[in-house]
Amino acid sequence: MTDSETGSRLFPTGIPNLDRVLGGGIPRRQSLIVTGEPGCGKTILCSHIAFSAAARGVPVVVATVTSEPHDKLMQSLSDFAFFKKELLGEDFFLVSAYASLKKGAKEARDVLLRTVRERGAKLLFIDGLRSIRDLWQDEARLREFLYELGIGLAAMDCIGLFTTEYGLDKLLALPEATTVDGIVSVSVQRRGVRRLRRLEIVKLRGQRHFTGEHLLEIGAGGMSVVPRLESETLTPRDEAPPPQRMGFGLPEFDALMLGGLPAHSTTLLAGSIGIGKTLLATHFATEGARHGQRTLFVSFFETPAVLFQRAHRVGLEVEDVLKGGMLRMIHLPPSEWEADAIVYRILADVDRLGIQRLVLDGLTELELAVADVERRRVFLAAFSSHLRERRVTSLFTKEVSKISGTELDFNDSPVALLGENVILLRYVELRGRIHRILSILKMRDSRYDANLREFDISDTGIRVLEPLRSAEGLLTGKAQPLGTAIGGVDQ
């Protein structure tokens, strides 16, 4: 069954997530321009749409407007998975409009519309409007050509898809921008040493779509779009949070939070290097899996094998719960991945596996993956909202740069303000000895024990000790003794 036989108002693009960004697909009987500087991926994007339609049995006409042979274009596309040579000639029909364009606008329009009619095409792709402009050097002729072509295509229930090699600002000053129904901008932006592709729906007549720029990727399969996380509006659930607590499996620690973290909340676990953040997060993940809660552990630095070994040294057996299938651990090594792509993969796993607990070990890496610094706060807020709407209890670890000292260095992190719960792990120096302390700085809508507690990591595991009342200035990392005892050692 073809798309036209389904009676749908929207035409599927076949490109992952592009239909979501468009608001469901391309509105039928409309004409769109895909614009961008050379090398942005315009031709690949439109060819992917055309081949996807042809693969569904929807006839497509692809018109070239230069004297270059068709096989050159096909050769450039042949390495992509969407390319299907067997479709050429029937559902994917190639036509050269170069000779008719040299004669005039009427001749070119007639050739294109006649070909669309004869093939019963529902998509016409013209690659290179700028070549037509350069050939004619006549604004009025080009405007008339696009206007009458658009009317003719709409009458035959056919979509027009055109590419042109202009930056967005340049295109918006040209008559093409007002003649077509929609404009899609494709760009390549430099961020330090990285070059990032972006896609934006600038204009789409009568169609509600995602605004702003979105990540565009080119891979072996062709094009794919990763929608900007905060562009998708969420409707908050009008329900009270459940009374359930999500514990760490450490009785003394859980008791500080009346049993654990509140369900469906977001927690920041901040601390110095080597103080035990990852180990504590592993306890949280393992405890959830033991209680039948599907758990996802995402690490940016350490592989599962390293985490297993470290946990085993303190008597925490992670492999046992992994075999039960309730815990999944994935390693995402630092790379040039965009934050949207990272979070898209995480949320896909959350949805696919029905995750109830999430640990993200290494929040700094995710923050740095957001290329636009000013966007980090709203991005992380959106991520937290997406998790909350999925009823996930999440724990993020964040490293602070100083081992000890008077500054609390994690406050520059946007999630420090957005996290509903904040737990600080800190080294304290007192009379030549280093101690580990923990403090619950914030728990939203929940009571908790605010006392500073020393904790110990040994072969028998993590042990939380009695409240520290023997010194002042403990949270700064430079304690002043009061004359009693700390950690069981007389001072």
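View 1. Exposed means over 50% relative accessible area, buried under 20%, and partly exposed in between (1.4 Å probe, protein chains only). Helices (H or I, at least four residues) and strands (E, at least two) are DSSP runs, numbered from the N terminus. This is a predicted model, in which local features need pLDDT of at least 70, side-chain atom pairs count only at pLDDT 80 or more, and totals for chains, interfaces and linings use all residues. Residues are numbered from 1 along each chain as its sequence is written, and side-chain values use heavy atoms, with hydrogens and water left out.

View 2. Just after H13, Gly-315 has a positive phi of about 80 degrees.

**View 3. Here is the largest nonpolar core, with 42 residues.** Such a core is a set of buried Ala, Val, Leu, Ile, Met, Phe, Trp, Tyr and Cys residues joined through side-chain atoms within 4.5 Å. Helix H3 (residues 42-55) gives the most to this core, with eight residues. Apart from this core lies another, of 37 residues, including Phe-308 and Ala-311.

**View 4. Leu-45 is among the residues with the most contacts inside the largest core.** Leaving aside neighbours within four places in sequence, Leu-45 is in contact (heavy atoms within 4.5 Å) with residues including Ile-15, Val-186 and Met-223.
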